[in-house]
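Here are a few exercises to work through with the model on your screen. Try each task yourself before you read its solution.

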Amino acid sequence: MVIVAVPSGGNGGLTSILNPRFGRCESFTFVTVEDGEIKQVKTLPNAASDAMGGAGIQAAQTLGNNNATVAIVGNLGPNAAQALGSLNIKLYQAPNQQITVKDVVQEYIDGNLQELSGANVGSHFGMGGGFGRGRGGAGGGGGGRGRGRNL
Amino acid sequence: MPEKAKIITVTGGKGGTGKTLVAVNLATMFKNAGKRVLLIDGDVENPNTYLLMNGELENKAPVYFFKPSIIETKCSKCGLCSKNCATHALLHVDGQYPIPFLTVCSGCKLCYKICPEEAIKEDYKTIGWTYETKKNNMDLWIGELKPSEARSAAVVEALLDNLKELLEKEPQKYDIIVLDTAPGAHCDVELLLESADLIVPVTEPTKFGKLDLLRIIELIELLGKPYKAIINRSSLLGFKEKFLEELERKDIEILGDIPLDDEIVQSYCQGDPLMDENSNFNKEGEGYKSFITIFENLNKWIREKKTASMEGA
Amino acid sequence: MQKKQIGIISGKGGVGKTSLTASLASLANNDPEISPIIMDCDVDAPNLALILPAENEKSIRTKDTYTTLKATFLEEKCIHCRNCIEENYCEFNALEWDQNNKIPKIKYLACEGCGACQVLCLEHAFEINPVKSGEIISYKTKKGPNLVYGKTQLGSTTSGKLVSESKEFAKNLEGFEENDLIIIDGPPGIGCPVIATVSGLDYVITICEPTPSGLHDVIRAIDVVQQFKIPFGIVINKSDLKSSFQEEFNTFIDETGYEVLGRIPFDLSIAQAMSHAEPVVDYAPESKASQAIQEIYIKLKDQIWNHN
């Protein structure tokens, strides 16, 4: 049994369209596939869709927490690719055209999708991504700035 | 009471207007006049001062930036760090250790501060370097951002931290400190403007120069600092008069102007500052004379400021 | 044509990015094979609009962006415990104690909006909110193609994000699907806004001058481009500059084996064109510089559509 995650438009579901923007898609559709058949479908809104930064990482986390083992993606940035990789989620490239979740999962079942080894687009720094030029965060090497931790 | 060093920041808004040229030659003229001078190159994305002085990068010291390291023996996999990370720089899936993503980490250290198990170690990565070198009897500090790192302002802050420390320990070590900034009006530049006693924006007599000059002046005025502009390449296409008029109409004071001059290009390409005592440039050249005038006006301005502050006190 | 995105960067400022972008924009616009869209991602000092003004002032659209987060202090919740200062909640030194009122003060410019104070203060006396970080301006230019550019709010500390948001904005413009060449005027430097500009591009032009600083800075810019594995070509501006550095410069470029897209000789018509706020290829199409840029354009097309 595998759980295939597909970034999807609207509220998701088998008839929704695959959204190529992994971190910023509206929803994820999780499709359980067993013996070459679709057994179960679950949808979740993507909490990262309007995150200020790190959307790809947050989205990957959603997949991990829902036990996805396979993801079918359109565009995938380096952070998301690395995050999915560290969660041992297998990646497949969706065709470059409008396609429903059901059809793309069928393509996967039929073995027509190509496995992806990593990111297929540069870091777009999403909507937020790259911060300012960032002051601070600096540290004086060994010592750093000491402080109490009273929490 | 001995005087505190004057800090002069050279900036400009637009790129390539001659900021570094002016900073290096002002510092050189102060040195010629017997002042103890520190030149700081705060254009950390592209530090060029040492190239204009045939200097070397010496005494390299890393600039560190926070990175969280997970101590797995202590981590309870609770996910609190990940949940609270505003930039989602910690990937956490139930039952697993969090994984840091350094490219999105803002360095706020919140994860380190809130971890109930103290399982996050305050670790550091190198995002750039500072250099301290001596050239032509002048001290030169340079900041350099590591290519592909984004946090340039942290490198600028490292330079300013060093400066602060110096001014606390040895407030009388220098008479004059000249700061050279990056182009633009972003926080790298702003930090160096904030530190200044006087600001010299360098511009050129074009529409672009003017637009960017007005923008940097808006920022300087926001910070409430005194400034006087220098017009470089002033003989370009004979625009000087019209440009001066426009600045005057906006109440922008001028420290002087620098005409197009082959000797300036030569000095720039050879790495010999035009105004260096030992250089072989023509002392009657248009470029040379223009720097002398600028230097006189600058000294006059410094004296006026001094009188004003004494009267104020 | 397959859609391609290219950017023009330099490391060092003032070496001709905007001039070259404007000329390439004009050449692409007159090219019957190409439908371009132009962007200025030098969000700290956007200048391209001066050369590519709007066809109709009324058609200029401006969208405020809120890519910056800043902390707000809620005085009514504060119990004046001083923990925020004592325990150094803020790594960016944006919290300061106001002795007179016994409350913390937020230094607006230093605040990064990281949210640490909001989480750490047990009284919930801090809140994080988006604030205006800049504007995205778009319009149809007199020349024809659409121009999109970002402009930061002074003190917003957000250049990189605004670049990304401007790129995203362009994608949602009407007619974007038909555009097959996106030409981006990049910022100087090699930091955050440059990284945000080049990420996702198909090709980068790195422009430089044959001076020590020009070379030094373009090498650093190339370093960034290579880390993103984007193909690039060098354009040498003022290529015949009389300088003792020429030989060293040319030897260096030859030895690297980098693709040289072209050399633009020093030509007063560039300065004249800029003063008339015109791309040089329109102002003086027969000039040496214009001819060099036309050759660069042809080579660029070949590089992006035939070699990749």
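**Exercise 1. Find which residues of helix H8 (residues 240-249) of chain B are buried.**

Step 1. The buried ones are Phe243(B), Glu246(B) and Leu247(B). Buried here means under 20% relative accessible area, exposed means over 50%, and partly exposed is in between (1.4 Å probe, protein chains only). Helices (H or I, at least four residues) and strands (E, at least two) are DSSP runs, numbered from the N terminus.

Step 2. Look down the axis of H8(B): the buried residues fall within an arc of 100°, so they line one face of the helix. That arc is taken from the directions from the helix axis to the C-beta atoms. As background, an α-helix has 3.6 residues a turn, so residues three or four places apart point the same way.

Step 3. Now turn to the other side of H8(B), where Glu241(B), Lys242(B), Glu248(B) and Arg249(B) are exposed.

Step 4. The cover over the buried residues includes strand E9 (198-203), helix H7 (207-223), strand E10 (229-232) and strand E11 (254-258) of chain B, counting heavy atoms within 4.5 Å as a contact.

A note on the model: it's a predicted one, where local features need pLDDT of at least 70 and side-chain atom pairs count only at pLDDT 80 or more, while totals for chains, interfaces and linings use all residues. Residues are numbered from 1 along each chain as its sequence is written, chains are lettered from A and ligands numbered from 1 in the order in which they are written, and side-chain values use heavy atoms, with hydrogens and water left out.

**Exercise 2. Work out how much area chain C and chain B bury between them.**

Step 1. The pair buries about 4300 Å², with 61% of that on carbon and sulfur atoms. Buried area is the accessible area (1.4 Å probe) that two parts lose on being put together, summed over both.

Step 2. Asp44(C), Leu154(C) and Arg220(C) supply 15% of the area chain C buries against chain B, more than any other three residues.

Step 3. As for residues, 56 come from chain C and 50 from chain B.

**Exercise 3. Count the salt bridges between chain C and chain B.**

Step 1. There are five, each a side-chain nitrogen of Lys or Arg within 4 Å of a carboxyl oxygen of Asp or Glu.

Step 2. One of them joins Lys242(C) to Asp262(B), with the closest N and O atoms 3.9 Å apart.
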